[in-house]
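Hello,

Here is the structure for you to look through. My notes on it follow below.

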Amino acid sequence: MDIAAQSIEGGFADPVFNAQTVFRAIMDAMARPGSVQALPVLARPPAPLSATSGAVALALCDNDTPLWLDPALHTSSAIGSWLGFHTGAPLANTPADAHFAFVATPAEMMALDGFAQGTQDYPDRSTTLILQVSDLASGAPLLLEGPGIETSAVIAPAQMPRHFIEQWKQNNKRFPRGVDIILATSQGIACLPRTTRIKTMEA
């Protein structure tokens, strides 16, 4: 299939209903950090952008939300074309210019503080990171606490960034500034909003 066909096909079959489904899952996952919200396969973007990441992009991105793609995604012209065709979103020049950042290889990604952090007056002008992980069970267990979590929650996302817990503690300290994270798996999503505190599980 040529790039032109790849960039046009694979969008939402029912754009309004599908976007609402994905948006509701994201809101529920943000409200209850660590909970896993199931998502059916609603989008078929070019690889290596996953179906879940593609659906998140279609639900959240538009011509006012610059996107940043990590090197694994940026090398595929088909992905940039697909996102441009279906969302109208421009590609950001730098991570600090991005409203949303899509990361196919989180273990190799740059530091969280390299993305837009928002300002004290406009903390929402920060980057939301969509990290593609194979699952939420086989990585190092993370103990989550904070708003939206009754006592604590545990998830164990695979392929997370190096020194993630230390980076996240610095992210907490920047509050109300800081980034939020959506973890995208083939089954669905889980979210780590900037208000969530993360500890390693003591052995």
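Gln159 sits in the loop that runs between strand 6 (153–155) and helix 6. Keep in mind that this is a predicted model. The phi angle of Gln159 is near 55 degrees, which is a positive value in a residue other than glycine. Gln159 is partly exposed, and its relative accessible area is 41%.

His163 is also found in the loop between strand 6 and helix 6. Its phi is near 55 degrees, again positive in a residue that is not glycine. His163 is exposed, with a relative accessible area of 60%.

Why point these out? Most residues other than glycine have a negative phi, and most peptide bonds are trans.

Two peptide bonds are cis. One joins Ala47 and Pro48, with omega at about 5 degrees. Look for Pro48 in the loop between strand 1 and helix 3. Another cis bond joins Phe175 and Pro176, and here omega is about 10 degrees. Pro176 lies in the loop between helix 6 (164–173) and strand 7.

**Helix 2**

Now turn to helix 2. It has 17 residues, which should span 24 Å at 1.5 Å a residue. The C-alpha atoms at its ends are 24 Å apart, so the two values agree.

Which residues of helix 2 are buried? They are Asn18, Ala19, Val22, Ala25, Ile26, Ala29 and Met30. Look down the helix axis: these buried residues fall within an arc of 135 degrees, so they line one face of helix 2. On the other side, Val16 and Phe17 are exposed.

What covers the buried residues of helix 2? The cover includes strand 1 (37–38), helix 3 (51–60), strand 7 and strand 8 (188–192).

**The largest pocket**

The largest pocket holds about 290 Å³ of space. Its lining is made up of 13 residues. Nearest the centre of the pocket are Phe100, Asp124, Ser126, Thr128 and Asp180.

Where does the lining come from? Helix 2 (15–31) and strand 7 (180–184) each supply at least two residues of it. The largest share, three residues, comes from helix 2.

How many residues of the lining are nonpolar, polar and charged? Six are nonpolar, three are polar and four are charged.

Best wishes

How values were computed
Residues are numbered from 1 along each chain as its sequence is written. This is a predicted model: local features need pLDDT of at least 70, side-chain atom pairs count only at pLDDT 80 or more; totals for chains, interfaces and linings use all residues. Side-chain values use heavy atoms; hydrogens and water are left out. On a 1 Å grid over the protein atoms alone, a cavity is a set of points where a 1.4 Å probe fits but cannot get out, and a pocket is an open set with protein on both sides within 12 Å along at least five of seven lines; lining residues have an atom within 4 Å of a point. Grid points are joined across faces, edges and corners, and a volume is the space filled by probe spheres set on the points. Helices (H or I, at least four residues) and strands (E, at least two) are DSSP runs, numbered from the N terminus. Ala, Val, Leu, Ile, Met, Phe, Trp, Tyr, Cys and Pro count as nonpolar, Asp, Glu, Lys and Arg as charged, and the others, Gly among them, as polar. The expected span of a helix is 1.5 Å times one less than its number of residues. Buried means under 20% relative accessible area, exposed over 50%, partly exposed in between (1.4 Å probe, protein chains only). The arc is that of the directions from the helix axis to the C-beta atoms. Contact means heavy atoms within 4.5 Å.
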